[in-house]
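I set out to record a few local features of this structure. The entries below follow the order in which I looked them up.

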Amino acid sequence: MAIRRVLLAAAAALLLAAPATAQEPRGTLRAVLNGELRSLDPVWTTATQTRYHAFMVYDTLFGLDSELRVQPQMVERYEVSPDNLIYTFTLRDGLRFHDGAAVTAEDVVASWRRWALTDAAGQSINGFLSALEAVDARTFRATLKEPMGQLLFALAKPMAMPMFIMPARLIRDLTGQQQVPDATGSGPFRLLRDQWVPGSRVTYARNPDYVPRAEPASGNAGGKRVRVERVEWLTLPDPATQAAALQRNEIDFVETAPLDLVPLLRRAPGVVVRPVWPTGTQGILRLNHLNPPFDNPAIRRAIQHLVLQPDMIQAVLGDPAQGQICGALLICGSPSGSEHGAEALTSRDPAEVRIRRGREALQAAGYRGEPIIVLQPTDQVPGTAATLVFADALRRAGMNVDVQAMDWATLVTRRASREPGARGWHTFMTTGGPMGPSNAAFHIPMSAACDRAWFGWPCDEQLERLRAAWVRETDPTRARALAEDIQRRGMEITVYLPFGQFILPAAWRDSLDGLLSVPETVVFWNVAKRG
């Protein structure tokens, strides 16, 4: 609980003061986010840019406030039966999609069912769910086979694939592998599709028909009041160009301040440099369990010697002291965080010693010089620097490495390929956190559900049984013991590998008021622009 109090206090301190008085929405907020928007469907991909887009145009049944408490959002009220098996929800009155159609319980049921095919939390809920049905236009009911204490959290979570509500007419016949054809939602912004220029600009306009909740905005919950007329996401891949544009007041917000230019930006008049969320993010190194030689568990375990976290943190942040070496799949500092089984990953031995061990382990496991395709995301600050360090370690250990550089949007498309050999891929890096990795059931890279798992497709019945037991457990002591078992098994099969924890600052003009501190995403409701 002490960790939680510190986290929440820090988050509250980062919340910029909201405008003291109401004002008419005006102006255009111009933001530079990491990478480029390629897909509009947050069920089809976990790409960060798609999740940010989804929070603009869609809404959620519940949200997490700034103290990480579950709060109703689209839901007006709900009731839970005494045996905790029947949840009855009533939607707020007046909810409408951008095309004017009313949001109904039918839309909720269709959205829930499609989301549950792909998201780790949704898959977990499916194991408990006996029935999901629309009762009337505004009421829907979920009936469980046994109690599930994390049901509402799953519906509120902002990480991985949040549960956004889409029109049933657009998604009724779609699987998670088919993309929704348009971005008609009921959220506070509308996508201006005719002004979307891929590789250059994505434009959103205030939704004048959106009715926010009465309470103040808090986290990704509360009243989502839009205080600007438009938001433009601009694609500026070059960090120096981003910094110069921010200093010249040509843009208002940069998601990740160029690390080598942070001292300059801190001195620049009218510029604020600060993390949007204070607890950092986890580096995630993903291996493709389907593509030989990484279908061999022993070869995957050998890779743990070659993840040189101190060197990766140095490459990303410029100072190892600014990051944290961590072997916890469930993220260091969280209630479930444990480093059992991660001794090879967190070793403080010199790089030469670790590389020798990795080479010996690879040889013992039967590595025979197969090409290893490493995807390098050139426009992702942690990913691109850490990837180059990792690729160098693989080569020094005797692996045949093919680094293929591409922007993140291209990587997101490429990682969906299950092709073997040179037509596929073997490894890529991304980030996740702070909340996602702390939840053993809902952190999507933790899934080992075979074809239903995240890209890389780990397949392990034992890990899935442990995760299912964790989500059922109500006793904190037993839940902690299960989390340690999950950590051990996850490292045994190398479900994925942390490559450090990082706090990356954002930068913005001090003319922005009301920027919210929200875990796992960046939101632009509640923000006013002065001048």
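I take buried to mean under 20% relative accessible area, exposed over 50%, and partly exposed in between (1.4 Å probe, protein chains only). Helices (H or I, at least four residues) and strands (E, at least two) are DSSP runs numbered from the N terminus. The model is predicted, so I note that local features need pLDDT of at least 70 and side-chain atom pairs pLDDT 80 or more, while totals for chains, interfaces and linings use all residues. Residues are numbered from 1 along each chain as its sequence is written, and side-chain values use heavy atoms, without hydrogens and water.

Entry on α7. In helix α7 (residues 239-247) I find Gln242, Ala243, Ala245 and Leu246 buried. They lie on the same side of α7, because they cover an arc of only 165° around the axis (directions from the helix axis to the C-beta atoms). Among the elements covering them are β1 (28-32), α8 (262-267) and β19 (506-509). Asparagine 249, which follows α7, has a positive phi, near 65°.

Entry on α10 and α13. I looked up how helix α10 (residues 309-317) packs on helix α13 (residues 381-396): the angle is about 140° and the axes are 8 Å apart. The contact (heavy atoms within 4.5 Å) involves Asp311, Met312, Ala315 and Val316 of α10 with Pro382, Ala385, Ala386, Val389 and Phe390 of α13.

Entry on threonine 521. This residue lies in the loop between β20 (512-513) and β21 (528-529). Threonine 521 counts as buried because its relative accessibility is 4%. Leaving aside neighbours within four places in sequence, I find threonine 521 in contact with Arg51, Tyr52 and Phe55.

Conventions
Axes are lines fitted to C-alpha atoms, for helices over the stretch in contact, and angles run from 0 to 180 degrees between N-to-C directions.
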